[in-house]
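Open the model in your viewer and keep the selection tool at hand. Each stop gives something to select, then says what is there.

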Amino acid sequence: MQIAMIGLGKMGGFMAQRLLMSGHRVVGFNRSPEVTQRLAAEFGLEATFSLPEVKAKLSAPRCVWVMVPSGEATEEVIGQLSTLLEPGDTIIDGGNTYYKDDIRRSVALKEKKLNYIDAGTSGGVWGLKEGYSLMIGGEKQVVENLRPVFESLAPAPDKGWGHVGPVGAGHFVKMVHNGIEYGMMQAYAEGFEIMHAKQDFNLNLEQVAKIWQYGSVIRSWLLDLTANALEADQNLEHIKGWVADSGEGRWTVFEAIDLNVPAPIITLALQARFVSRQDESYAAKLLAAMRNQFGGHAVKTE
C-alpha cells in the first residue's frame, strides 16, 4: 500500500521504517532534509522535500500520515495539506492532538470531501521493534480501507490496534491512556523513593526492580524500563528531577472535571510534575511565614 509520512523524527521515522519493512511504499517528508535523505539511503524511503512533491508522488486516493508535534505544527501541516489534496484523499493525525481539535478539523475537511482519521499512537522508540498501540477514530469504511497500514504498524495484525469510534475517539482514548501512564509512573517513582530513603537495609533497587519483573502483580513494561534506568545508574546522579508534561495529563484532568468524575491519582501525578520544576516553592515559604506569624515557629533562612 502507498502512504506518505510527514515528520520523520523518532516516532515518524521509526513508523516509516516499520511500514517499509512490511512492504509498503512510503513517501517521506521532514522539515530537516538530511533526515529524509538518510532514511531514503538506508531504508528505501521515497524522499520528498515539499508538501506539493508529496502529493505528486502519490496516486489517488492518497493517504498522508502527519507525525509532527501537536499544536501549531500540526495545524500548519494539515492546513497546507487541505489546500493540496483532492476529494477522497485521507489525512491521519498520529500525534498527541487534543480530541476536540480533531472534531473541529474533520468538519472543515469534510467540506472539501477529505477524510480525516485521528490515530492515538503509543509505543515510543520501542515501536519499531515491538509495534505500536493504535487507537483509531474516524469513519468505519475509511479506517477499514487503511487496515493494511494499521496491521503493519501494530504489534500483530490482530492485536494492539482498533477502531474505537468516530473522529476524536482515537485521541480521546490516547489522552486517557497517557493520564493513566502519569499515575502509574508516579506510583513507581514514589515506591522506589521510599526504598531509596530506607538506608538501614541498603537495598539494591536494580535488583528489586528485576525481581518484580517476574511473577509480581505490579510487573509491567514501565517497570521493565525502570529496571533499565536503575541498571545504568541506581542513584540517578546524572538526571535532574525535573519532569515535563506534554499536555495529555492536563486534558485528562480537565475532562474528569467536566464529566464530574473523580480522578485523584491522575490529578496528583500531574501536580507532582509541576512540583518537580520548582527550585524553591513560594507556597512553602508562605506556609513557613504563616506558622511563624501565628505561633512564633522558627523559620529557616537562606
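Select Asp245 and Arg250 to begin. Their side chains meet in a salt bridge, 2.7 Å from N to O. Keep in mind that this is a predicted model. Now show the surface. Is Asp245 buried or exposed? Asp245 counts as buried because its relative accessibility is 17%, and the cut-off for buried is under 20%. Arg250 counts as partly exposed, at 34% relative accessibility.

Next, select Glu75, Asp93, Asp101, Asp102, Arg104 and Arg105. Salt bridges with shared partners join these residues into one network.

Asp102 is part of helix H5, which covers residues 99-111. Its relative accessible area is 0%, so Asp102 is buried. The side chains of Asp102 and Tyr116 make a polar contact at 2.5 Å. What else does Asp102 touch, leaving out residues up to four places away in sequence? Besides Tyr116, the contacts are Asp93, Thr97, Asp118, Val167, Gly168 and His171.

Move on to Arg25 and Glu46. A salt bridge joins their side chains, with 2.6 Å from N to O. The pair links distant parts of the chain: Arg25 is in strand S2 (residues 25-29), Glu46 is in strand S3 (residues 46-47), and they are 21 residues apart. Arg25 is partly exposed, with 31% relative accessibility. Glu46 is partly exposed too, with a relative accessible area of 24%.

Now pick Asp89 and Arg62. They form a salt bridge, and the closest N and O atoms are 3.0 Å apart. This pair also links distant parts of the chain, 27 residues apart. Asp89 is in the loop between helix H4 (72-84) and strand S5 (90-93). Arg62 is in the loop between helix H3 (51-57) and strand S4 (63-66). Both Asp89 and Arg62 are buried. How many salt bridges does a search of the whole structure find? It finds 19.

Turn to the rings. Select Tyr98, Tyr99, Phe172 and Trp251, which form one aromatic cluster. The structure holds seven aromatic pairs.

Finish with two charges over rings. Select Arg273 and Tyr182. Arg273 lies over the face of Tyr182, 3.7 Å from the ring centre. Then select Arg277 and Trp242. Here the charged end of Arg277 sits over the ring of Trp242, at 5.3 Å from its centre.

Note on methods:
Residues are numbered from 1 along each chain as its sequence is written. This is a predicted model: local features need pLDDT of at least 70, side-chain atom pairs count only at pLDDT 80 or more; totals for chains, interfaces and linings use all residues. Side-chain values use heavy atoms; hydrogens and water are left out. Helices (H or I, at least four residues) and strands (E, at least two) are DSSP runs, numbered from the N terminus. Buried means under 20% relative accessible area, exposed over 50%, partly exposed in between (1.4 Å probe, protein chains only). A polar contact is a pair of N or O atoms within 3.5 Å; within protein, one must be able to donate a hydrogen and the other to accept it, and residues adjacent in sequence count only if both atoms are side-chain atoms. Contact means heavy atoms within 4.5 Å. Rings of Phe, Tyr and Trp (its six-membered ring) pair if their centres lie within 6.5 Å; planes under 30 degrees apart count as stacked, over 60 as edge-to-face and the rest as tilted. A charge sits over a ring if NZ of Lys or CZ of Arg is within 6 Å of the ring centre and within 35 degrees of the ring normal. A salt bridge is a side-chain nitrogen of Lys or Arg within 4 Å of a carboxyl oxygen of Asp or Glu.
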